[in-house]
Amino acid sequence: MNAPNTSGWKPEAPVDHAKLADGPATVTGNRALMLEEALIFEIGSNDTTGVDLPPVDRKRSTRLGAFARAEKPELPGLSEPQTVRHYTRLSRQNYAIDLGLFPLGSCTMKHNPRLNEKVARMPGFADVHPLQPVSTVPGALEVINELSMWLIKLTGMHAVAMSPKAGAHGELCGMLCIRAALEARGDAREVVLVPESAHGTNPATAAFAGYRVENIPATEDGRVDLEAMKARLGPDVAAVMITNPNTCGLFERDMKAISDAVHAAGGFVYCDGANFNAIVGRVRPGDLGVDAMHINLHKTFSTPHGGGGPGSGPVVLSEALGPFMPLPYASRTKDGVVHLVEEESADAFSQEHFGGIMQSFGRMTAFHGQMGMFTRALTYMLSHGADGLRQVAEDAVLNANYVLRSMEDLLHAPYAASGPCMHEALFGDRDFAKGFSTLDLAKALIDEGYHPMTVYFPLVVHGAMLVEPTETESKAALDQFIAAFRNVASRANAGEEAMKSAPYYAPRRRLDETQAARNPVLAYTGEVAPAGKPTMSERGGR
Amino acid sequence: MRYLPLTDTDRAAMLETIGAPDINALFSDVPQEARLDGPIHDLPMHASEMAVERHMRTLSKKNLAAADAPFFLGAGAYRHHVPASVDHIIQRGEFLTAYTPYQPEIAQGTLQMLFEFQSQVARLYGCAVANASMYDGSTACWEAITMAGRVTKKARAVLSCGLHPHYVEVARTMAKFTGDAIVSAAPDLDAGCAEDALIAEIDDETSCVVVQYPDILGRIPDIRKIAAALEGSKALLIVVNTEPVALGALEAPGNLGADIVVGEGQAIGVGLQFGGPYLGLFAVTNQKLVRQMPGRLCGETVDADGKRGFVLTLSTREQHIRREKATSNICTNSGLCALAFSVHMTLLGGEGLERLAMENHRLACIAADRLVEISGVSVLNDVFFNEFTVVLDRDAREVVRVLAEKGVLAGVSLGRLFPAEDALANGLLVAVTETTSEEDIETMATALEEILA
């Protein structure tokens, strides 16, 4: 099929960069709005400070004891204007969803609504201490409880553990619930089955929970091989960890049959919820027999990921696993009041409200979880409502299929023939000219002004490119992306030599990762100058 | 649906391009019995920005914010003044809405910031290398214990009685599943830090000794003495710090003999937020230990033109490469909180951090002196930074509750932290920072006098 630009954005004639003059060198190394920025250690001084605090009175006696510092720590300081400029300049060397489409498959980079930010900064949420008397924080507990209710209803599950700090922490929480449940019935099982296409966190988590990991193969059409899995099930298998929709962007059609088989063999089903955005409001994992699933609030529910975190990974649990969830937890009782249950109150609370069945496996983190993310996620859910969230899944899936069908004539799409994809479209490097790689295509896409898709994941497809546009892209934005993607795919297929040196226009060209790993330089080791002595000289060649 | 750009016209055109009759056709792989035919019942429908804001504000106003009361809580989470520019910078979209820096050519902003952050943390802790942050202090502490297990090939961790009880609980919980032995005891209401009892627990099977500095009661343990006792032993010394501002006034743990220093970075730049997101800090004094470290690391390198640049490095330790053999299952760091920490620390500098620390200490001394005047109150600590323990003549939980009714957030009762330890029930942990006014101290002291009278 041909380029789909029947409406919306139309590509201009491609820019011929060979005709663009390089221009003269600049004294500063800057190029107009492309500004270089030194390290704080090179521009700051140990005497400068950007805050107004009284000077230290060295004559005053202290009660610091034997380890009082003799000298102040050696840390560079900047005034406020220097600080704001330093970080503003750095920020401009970053790609972000606010700048354009960010098609990282399985990462779900969608628009981050600013209302969420405003709400999270309300003093009753931002400025309360985790150990304040519970009588002074009923609203905070209600947020946790209200969000819990949403997560339970959206997933069709029984309970939710809110304290895990991120997706992988949630995976660990779910696996520990499974292990605690098995141990409670005196059933020592040793093996966890994980599909080949799983996120790396899945096997790492299973190993951390004390299990031996065995892989299960995939079928030709990119899904878990049900028969192979059934053949492996037995009294030693504690759980199966499955991602659904899976990392190939496909719905596991046999999910219910998988769950039934695992349950029949006495095991539990862990579902990696990283891809929940594809099905929110249209499918409830609880209806598919899932026992535990973490939900990445920063993916499906739009909390900002801030350059790699924080995340937040609540875990929804089935009736069988609910009693084992970690402390502390918030729970609304028959009187309508939300209680915070900690070590102190856990036993009495469980006797009174759960007939003693709560048997928490313990505590995973110091406090209640990522409250700042809870307020944002709840704000997002209330904004969309049940109807809007269903539309989210539909538009996310529609956008991904639009990309899939707009590219499949140019790029190898290994599972396209078997039907629609879910929220992400998967391609491989099969049709590239010899010597051209997925990395070359990704770097060329940077020059077109895009963050590349997820590359080399999942491992089951050679040179994988996993594209997740999300529902917050307009058709015009997709059309422009597709035009750029088609352009770089054609060049990779044709073997255009210049691609191997891309990117040309980014703040940095390809970085030497081998050197970084071989001779790790992980901290600035030079001195920090006293005030008035500029240290920012002779950096040119570095 | 203000966050959804597609129009019905767009949707129809796109379905035509795809060759699907309707949206349901794209969900054809979902088994019929699992498909929902409409919005989930019992959940509200979409709402305007104004309506959502109103609802959330109602919930927010039910809480007593720290700024609205004399406030003395600490115990691992501290209220400090965060300069306005910190929150401005972390809300820049290029930082706020970036993902993990997988493509370094267009993520130099995040990467350089992480390199600077690692360098700041390493200096603050007196260490060679710090990682790019972890979930929080309690999980960083557990990761340090497991790392010590990998390094020493031993599995018996000896925890100081001064370690935050929630950190102990996290370690105990995780150890149940990994099979590690955790040795720990509750603290005594005793001015000393019981280094001798801790040292007596060290044996040939010990992988690490974990000491909090300053500790949960606000005491300042003798790290050098414990380090000296570990001479000749394979066991690693892990020092935990939950109040980084203290290190503006106290010697860095890495300079006192620690092998691994971990902690909670929330106090600088991040804010209370009812417990999260916070910022786990993790550093080692010997660069040789780097390859056993968990978490992301950012390193310096050059690009194809020879310009300095930064990349995530040593990822062969991590789960996406090593899968079940990884050093940790952690995938996320706490990047935005690390940015807040780094910006605040840059505004402070060595000079500002020292001033901040000494201002905290000055006010804490005033508070301790005022409280000890009250009949029925004694102060446990001879030495402390900005937090100390007072011992009342009755259960502190009840006193905290009554003070809260009077609008005073008086501190954290040891009964809340150590519910099983009746001997600690009269203890109250009081934290004082630069945000505490002398008037706040007087308000609290007067209220306490009334209750204890």
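**Salt bridges, sheet and interface in a predicted model**

Modeller: In this predicted model, the side chains of Arg486(A) and Asp409(A) form a salt bridge, with N and O 2.9 Å apart.

Colleague: Why is the pair of Arg486(A) and Asp409(A) called a salt bridge?

Modeller: The term asks for a side-chain nitrogen of Lys or Arg within 4 Å of a carboxyl oxygen of Asp or Glu; Arg486(A) and Asp409(A) are set 2.9 Å apart, N to O, and therefore the pair qualifies under the 4 Å cut-off.

Colleague: What makes this pair a tie between parts of chain A that are apart in sequence?

Modeller: Arg486(A) belongs to helix α14 (residues 475-494) of chain A, while Asp409(A) sits in the loop between α12 and β10 (425-427) of chain A, so the pair links parts that are 77 residues apart in sequence. Over all chains, the structure holds 61 salt bridges.

Colleague: Which salt bridge joins Arg121(A) to chain B, and what makes it one?

Modeller: Arg121(A) pairs with Asp87(B), their closest N and O atoms being 2.8 Å apart, and because the limit is 4 Å, the contact is counted as a salt bridge. Between chain A and chain B the count is 15 salt bridges, and 97 residue pairs are found in polar contact across that interface, both residues being at pLDDT 80 or more. Helix α12 (residues 371-407) of chain A gives the most to the side of chain A that touches chain B, with 27 residues.

Colleague: How many residues of each chain are in contact, and what area is buried?

Modeller: In chain A 216 residues are in contact with 200 residues of chain B, and the two chains bury about 17,900 Å² between them, 62% of it on carbon and sulfur atoms.

Colleague: Why are β2 and β4 of chain A said to pair?

Modeller: Strand β2 (residues 191-195) and strand β4 (residues 237-243) of chain A run parallel and are joined by 3 bridges, and since at least two are required, the strands therefore count as paired. Val191(A), for instance, has Val237(A) in β4(A) as its bridge partner.

Colleague: What makes β1 and β3 of chain A edge strands?

Modeller: The open, mixed sheet of chain A has 7 strands in the order β1-β7-β6-β5-β4-β2-β3; β1 (159-161) and β3 (212-216) each have a single partner strand, so one side of each is left without a neighbour in the sheet. From one strand to the next, the twist averages 25 degrees.

Definitions and conventions: Residues are numbered from 1 along each chain as its sequence is written. Chains are lettered from A and ligands numbered from 1 in the order in which they are written. This is a predicted model: local features need pLDDT of at least 70, side-chain atom pairs count only at pLDDT 80 or more; totals for chains, interfaces and linings use all residues. Side-chain values use heavy atoms; hydrogens and water are left out. Helices (H or I, at least four residues) and strands (E, at least two) are DSSP runs, numbered from the N terminus. Axes are lines fitted to C-alpha atoms, for helices over the stretch in contact, and angles run from 0 to 180 degrees between N-to-C directions. Contact means heavy atoms within 4.5 Å. Buried area is the accessible area (1.4 Å probe) that two parts lose on being put together, summed over both. A polar contact is a pair of N or O atoms within 3.5 Å; within protein, one must be able to donate a hydrogen and the other to accept it, and residues adjacent in sequence count only if both atoms are side-chain atoms.
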